[in-house]
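Reader: Can you take me through this one? I'd like the overall picture, then the details.

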Amino acid sequence: MLATTRRPAPQTVALLLLTAVTGIVEAASFLGLGHVYTAVMTGNILFLGFGLGGAHVSVAGAGLGLAAFSLGALLGHRVNESLVRRHGVRWPPPAVAGVGLLLAVGAVAAAGLPEQQDLPSGRALVVLAVLALAMGWRNAIALRIAAPDLPTTVLTRGLTGLLRVHAEMDSRERAASAVVVMCGGAALGALLLRAGPAAPLAAGAAVELASAALFAVYGGRQDAGGPVR
């Protein structure tokens with residue numbers, strides 16, 4: 001008797017799409033906009049430290065990214081609470097779509113910028129602020145969804161869990177998928193960056209909106225190993 005192949009749960013796919021967007025956006029921001037992170041704040045905190053130690057990094061960019069991300073997370077928590085009161089368990093679609101629209105604004109603002117910058121220009125800083133604001137909100141969304149092994153941004157814990165001896169198979173599969181998908185998103189972002197930062201950012205916005213559509217169709221299902229609260 002042939003074993004049946006389990007299909008990925010829709011919410012898991014939606015979260016993996018968000019994970020891919022992180023790779024795409026960071027390719028644009030780090031490689032194309034002056035070596036500043038907009039989603040992985042550990043990097044910006046380290047860059048601030050490097051800058052204070054005299055290293056040739058953009059302290060202004062790292063500080064702006066951290067501040068905008070924090071503001072996005074703060075406002076995102078409040079917006080999410082409002083959406084929960086209004087839509088109940090079907091709150092993720094408008095929240096994720098809102099992030100997608102912010103990424104689209106970032107793509108428009110990045111139009112015409114060069115493929116790479118050593119340090120961010122004035123307009124690049126504006127784009128970075130919009131992207132970090134969006135990714136801060138996104139992290140607030142992921143935190144509220146609380147799906148194990150799929151935080152959509154930071155994979156260190158998931159990777160550690162993947163290597164745990166007694167980890168459940170579903171947990172291993174989600175963690176491994178997140179690693180592969182983020183890497184793939186980063187590769188796609190780097191490839192699209194050849195056409196300028198606007199190209200990967202537009203792609204990231206499109207994938208984010210596709211994830212919102214998935215949440216809209218399958219909203220409220222607790223099928224990613226965690227609740228939609």
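**Surface, fold and core**

Author: The protein chain exposes about 10,900 Å², and carbon and sulfur atoms supply 67% of it (areas by the Shrake-Rupley method with a 1.4 Å probe; for residues, only the protein chains shown count as cover). This is a predicted model: local features need pLDDT of at least 70, side-chain atom pairs count only at pLDDT 80 or more, and totals for chains, interfaces and linings use all residues. Residues are numbered from 1 along each chain as its sequence is written, and side-chain values use heavy atoms, with hydrogens and water left out.

Reader: How many helices and strands in the protein chain?

Author: Eight helices and zero strands, with helices being DSSP runs of H or I of at least four residues, strands runs of E of at least two, numbered from the N terminus.

Reader: What percentage of the residues is buried?

Author: Of the 229 residues in the protein chain, 46% are buried. Buried means under 20% relative accessible area, exposed over 50%, and partly exposed in between (1.4 Å probe, protein chains only).

Reader: Which residues touch the most other members of the largest nonpolar core?

Author: L103, I141 and L201, in a core of 43 residues. Such a core is a set of buried Ala, Val, Leu, Ile, Met, Phe, Trp, Tyr and Cys residues joined through side-chain atoms within 4.5 Å.

Reader: Which elements give two or more residues to this core?

Author: α1, α3, α4 (92–109), α5 (122–145), α7 (169–192) and α8 (198–218). The largest share, ten residues, comes from α5.

Reader: And what does L201 touch?

Author: Leaving aside residues up to four places away in sequence, L201 touches V25, A28, L103, G106, A107, A110, V127 and L131. Contact means heavy atoms within 4.5 Å.

Reader: Switching topic. At what angle do α2 and α3 cross?

Author: Roughly 145°, and the axes of α2 and α3 (residues 59–87) come within 9 Å. Axes are lines fitted to C-alpha atoms, for helices over the stretch in contact, with angles from 0 to 180 degrees between N-to-C directions.

Reader: Which residues meet there?

Author: M41, N44, I45, F47, L48 and G51 in α2 meet V59, A62, G63, G65, L66 and F69 in α3.

Reader: Last one. Where does H35 lie?

Author: H35 is in the loop between α1 (10–32) and α2 (41–52). H35 has a positive phi of about 60° although it is not a glycine. Most residues other than glycine have a negative phi.

Reader: Why does H35 count as partly exposed?

Author: Because its relative accessibility is 31%.
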